[in-house]
Amino acid sequence: MSVQKIKVLVVGCGNMGASHATAYHNSENFEICGIVSTGKSKEVLNEKLGGGYSLFNDYAEALEATKPDAVCISTYPDTHEAFAIQALEADCHVFIEKPLADTVAGAERVAAKAKEKNKKVVVGYILRHHPSWEKFVEVASGLGRPLVMRMNLNQQSHGYMWDVHRNLMKSLSPIVDCGVHYIDVMCQMTRSKPLQVNAIGARLTDDIPEGNYNYGQLQIRFEDGSVGWYEAGWGPMMSETAFFVKDVIGPKGCVSIVAKEAGGVGKSDNVDAHTKTESLRVHYADIDGNNAFTKPDEWINLTDEPDHQELCNREQAYFLKAIQEDLNLDDHVEDAVNSLRIAFACDESVKTGLPVML
């Protein structure tokens, strides 16, 4: 007996939208019923996928014409809330790129609408589907408490990526757009209530809107005594020295992602290089009577090393499972709202120069 395919409307055809569309195109369970973008990117994507898909300039028109079962939203963040609510109102399940919305209140409205309509909303937290990152969270969680979590991702963006980053900065800063991933990772590692954030930022170019900043660093204090920092900078002026730090320290030792590929020359704005972890290095703090370490450092090399496209395939497999098996996504959506709430508190701290209590 053939299973009915899930008709999905793809909205936004940039880097992420094209990857998700490719996942749907290659899936036996999804069927793309339309592709939406305001510019030429839909024609480029349609051609890449072999042609034949219905193309639309207008989202509302596409929603009405195609009557999809699901909508994939990979547009700029300032459209996320409105597009998601329109989709839910049309009784569609929603896959949406992070952040869920460009305000906390907006994210809460999307979450409430999903509950009201009893529809699935999956947010694109891609690191949750990466075996090495899942292992990183698992090992870090076992290092005792408190944890010290140190993470950054600075990108020396140029060419096409600088266009992407400038467009993103029309509505969000790097520590909000990018930071929600790593805030989510920290919250998974501690599973403790965040209490306070401090953050700093700098506007290093006149090429972005006044009032925004293209470099930021945030610090979070958790109820269990854990602390974490995250740093993100975008632009042609960024340094590629120490741009990729993923390191967690606890009473029992530490674990680090060693990204040899991402550490390559000129790789800081390469999406594939960001997710390519290659190795986890685990250090054990245990010492003997002479203060000598009792165990050598351990290298964990996961053979399952998905590239960017494969990670998107896995995200869509999870979306499919959520729909087919009626998974309860309350915690998933709540985590997405919470990481956004923390990120915006950090944004407020940059702009006011003051700590923000959560």
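A word on the annotation to begin with: UniProt positions are given in the numbering used here, and annotations may be inferred rather than shown by experiment. The model itself is predicted. For residues 6-125, an unreviewed UniProt entry lists "domain: Gfo/Idh/MocA-like oxidoreductase N-terminal". This span is 42% helix and 22% strand, and its end C-alpha atoms lie 22 Å apart.

Now look for the open sheet, where six strands pair in parallel in the order β3-β2-β1-β4-β5-β6. Its edges are β3 (55-56) and β6 (121-123), each pairing on one side only. Further in, β1 (residues 6-11) and β4 (residues 70-73) are joined by four parallel bridges, and Leu 9 faces Val 71 in β4. Helix α11 (residues 308-324) lies across β1, β2 (30-36), β4, β5 (93-96) and β6, at about 160° to β5.

There are eight aromatic pairs in the structure. One of them is stacked, because the rings of Phe 30 and Phe 319 have centres 6.2 Å apart and planes at 15°. Phe 30 belongs to strand β2 and Phe 319 to helix α11, so this pair ties together parts 289 residues apart in sequence. Phe 30 is buried at 4% relative accessibility, and Phe 319 is buried at 0%.

Finally, two lysines deserve a glance: the charged end of Lys 246 sits over the ring of Phe 244, 3.8 Å from its centre, while that of Lys 295 sits over the ring of Tyr 284, 3.9 Å from its centre.

Note on methods. Residues numbered from 1 in each chain as written. Predicted model: local features only at pLDDT ≥ 70, side-chain atom pairs only at ≥ 80, totals over all residues. Heavy atoms only, no water. Helix = DSSP H or I, 4+ residues; strand = E, 2+ residues; numbered from the N terminus. Pairing = 2+ DSSP bridges. Contact = heavy atoms within 4.5 Å. Axes fitted to C-alpha atoms, helices over the stretch in contact; angles between N-to-C directions. Phe/Tyr/Trp six-rings, centres within 6.5 Å; stacked < 30°, edge-to-face > 60°. Buried < 20%, exposed > 50% of the residue type's maximum accessible area, 1.4 Å probe, protein only. Lys NZ or Arg CZ within 6 Å of the ring centre and 35° of its normal.
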